[in-house]
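User: Please take a close look at one helix of this protein and its surroundings. Then set that part in the context of the whole model.

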Amino acid sequence: MPAARSTYLGENLNAGNAAAASISARSLSSVCGDEGEGAERSPYDRVLYGLHHDQRWLKEVTLGRRVGFYRFRGELGQGNFSTVRLALHQLTRDKVAVKVIDKSKLDQKTQRMLAREIANMDAVAHPNIIRLFEVVETLSRIHLVVEFAGGGELFNTITTEGRMTELQAASIFTQVLSAIAYLHGLSIIHRDIKAENVFVAGPDLVKLGDFGFSTRVNDLEQQLSTFCGSPPYAAPELYKDESYLGPAVDTWALGVLLYFILTADMPFKASTVAGLKRHILAGTFDTPEHTSAPANDLITRLLVQDPAQRPTSEEIASHEFLANARTPPAPLPPYVLAPTFSDEPDPTENEALKILEYWGISRSNLEDGTPMGARSPSLATYRILVHRLTTPPPPHTSLTTPTQGTQNPPVSTPTTPSKDTGGSVSPRRKLRLKNGHTPVSLNSGIKSKACVIV
């Protein structure tokens, strides 16, 4: 994994890179020092050896088929300066999603955004938030290794299967609300809540992802000024060129999301950003005829023009519409991000440490990697393994219709190596719905994959 390192992500990253290089050097010294070709190596050492000495592996690295401990298996999506690819971790054999970012396409602004994205994702541990496992940097690219949600975007689920029932919608919405409340508790504002950034991870299970526009504030009353995210989900105060409060902007976006889940349509639609701005500032939208009074009431409360009048997360959670939704999940314990090395460790942590020791990843490897967070290969392996142990693979990934899914392989031992810009307009599409609802013509509106100022 040798690579030249850029400095744009700040001094902390460079310090982490230096530590990583030191650790890798020590590991390789023990693997490749005076040992012969037939010497016995641990699974961890075999992977390290292969990355630096096996010609087939080195060729795959050169061709972009492998990076770090991951071998690519296919492509999941593309953005303006990144590609999301499916990969397999060579020790745990778990599937992960890897966001591959081309450094040459990053300006100073997007470099700062990427640094915030990494820092914010590395700080969170919640069952309804996509987890960051590792950051692997090479000469020309940065790879964000994150949790793989096999069901894809919630947007695609709804546009193919149709609007959800109110019971389904309440369950899905509660999970996203739980994730946002957790983020706000850490003073993190997401700023890009939309159906395209909510991912289906299993039956009745979704996770919020894409922290590219997220920011961490000193306190929740801090004023922000940058227009971020997708214009159809943007609150009116963003279009007024005013400073704004982050939590209120996220709350408005939750209202648009709930409307979309219940209708498979958007409350505010236009073919241009200017037209969309007029509709949002007017604040008028059609109340769905098929939805209940509680559902309409919650949507109306969320999509109120005055940000000070929008409900808090606690008020939303106690609304009548969500009364029958399941209890929101609790944040995950700290061991998900790093081992605690307690005298009485959590049973999951204890099991993970035993498996890692069998693979050749020692406590000292993990302790050395802990300060580097997601930039440590050994700690990333720990995170992936704990994720496996705490979240067994679901039988299928659809929110509605059961299908045959692919489960993660069992824990195994590896062998020796043998988005769009602001102002772009989505096409209008006719939907074929599977749930018997009347097909609707959906214009998902104007999408944004970059911060824009309107």
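Analyst: First, a caution about the source. This is a predicted model. Mean pLDDT for the protein is 81, and 78% of the residues reach 70 or more.

**The helix itself**

Helix α9 spans residues 273-282, and its buried residues are Val273, Gly275, Leu276 and Ile280. They lie on the same side of α9, because the arc they cover around the axis is only 160 degrees. Arg278 and Ala282 are exposed on the other side of α9. An α-helix has 3.6 residues a turn, so residues three or four places apart point the same way. Just after α9 comes glycine 283, with a positive phi of about 75 degrees.

Step back along the chain. Proline 267 sits in the loop between α8 and α9. Its relative accessible area is 9%, so proline 267 counts as buried. Leaving out residues up to four places away in sequence, proline 267 touches Val256, Tyr259, Phe285 and Leu303. Leucine 303 is 36 residues from proline 267 along the chain, and their C-alpha atoms are separated by 9.5 Å.

**Helix α8 and the core**

The largest nonpolar core has 111 residues. Tyr70, Leu183, Leu257 and Phe321 touch the most other members. Helix α8 (residues 246-263) gives the most to this core, with 11 residues. In soluble globular proteins, nonpolar side chains tend to be buried together.

Take Phe321 next. Beyond four places in sequence, phenylalanine 321 touches Glu166, Ala169, Ala170, Leu258, Leu262, Pro294, Ala295 and Leu298.

Now the strands. Phenylalanine 72 stands opposite alanine 87 in β3. Strands of a sheet pair through backbone hydrogen bonds, either parallel or antiparallel.

**A buried hairpin**

Strand β8 (residues 198-202) is largely enclosed by the rest of the structure, because four of its five residues are buried. Four bridges join β8 to β9 (residues 205-208), and the two strands run antiparallel. Two of the facing pairs can be named. Valine 200 stands opposite valine 206 in β9. Phenylalanine 199 has lysine 207 in β9 as its bridge partner. β8 and β9 form a hairpin with two residues between them. Aspartate 204, in the turn, has a positive phi of about 60 degrees.

Glutamate 117 belongs to helix α4 (residues 108-122). With a relative accessibility of 5%, glutamate 117 counts as buried. Its contacts beyond four places in sequence are Lys99, Leu144, Asp210, Phe211, Gly212 and Ser214.

Isoleucine 355 is in helix α12 (residues 347-359). At a relative accessible area of 17%, isoleucine 355 is buried. Between the C-alpha atoms of isoleucine 355 and leucine 385 there is a separation of 8.8 Å, and the two residues are 30 apart along the chain.

**The whole chain**

The secondary structure comes to 14 helices and 16 strands. Of the 454 residues in the protein, 52% are buried. The protein exposes about 19,900 Å², and carbon and sulfur atoms supply 51% of that area.

**Where to hold back**

Two stretches need care. Over residues 1-36, pLDDT stays under 50, and the model has 52 contacts for them beyond four places in sequence. pLDDT also stays under 50 over residues 448-454, for which the model has 34 such contacts. Where pLDDT is low, the predicted coordinates should not be read in detail.

Back to the request. The buried side of α9 holds Val273, Gly275, Leu276 and Ile280, while Arg278 and Ala282 are exposed on the other side.

Conventions
Residues are numbered from 1 along each chain as its sequence is written. This is a predicted model: local features need pLDDT of at least 70, side-chain atom pairs count only at pLDDT 80 or more; totals for chains, interfaces and linings use all residues. Side-chain values use heavy atoms; hydrogens and water are left out. Two strands pair if DSSP finds at least two bridges between them. Buried means under 20% relative accessible area, exposed over 50%, partly exposed in between (1.4 Å probe, protein chains only). Contact means heavy atoms within 4.5 Å. pLDDT is the predictor's confidence in each residue, from 0 to 100. A nonpolar core is a set of buried Ala, Val, Leu, Ile, Met, Phe, Trp, Tyr and Cys residues joined through side-chain atoms within 4.5 Å. The arc is that of the directions from the helix axis to the C-beta atoms. Accessible areas come from the Shrake-Rupley method with a 1.4 Å probe; for residues, only the protein chains shown count as cover.
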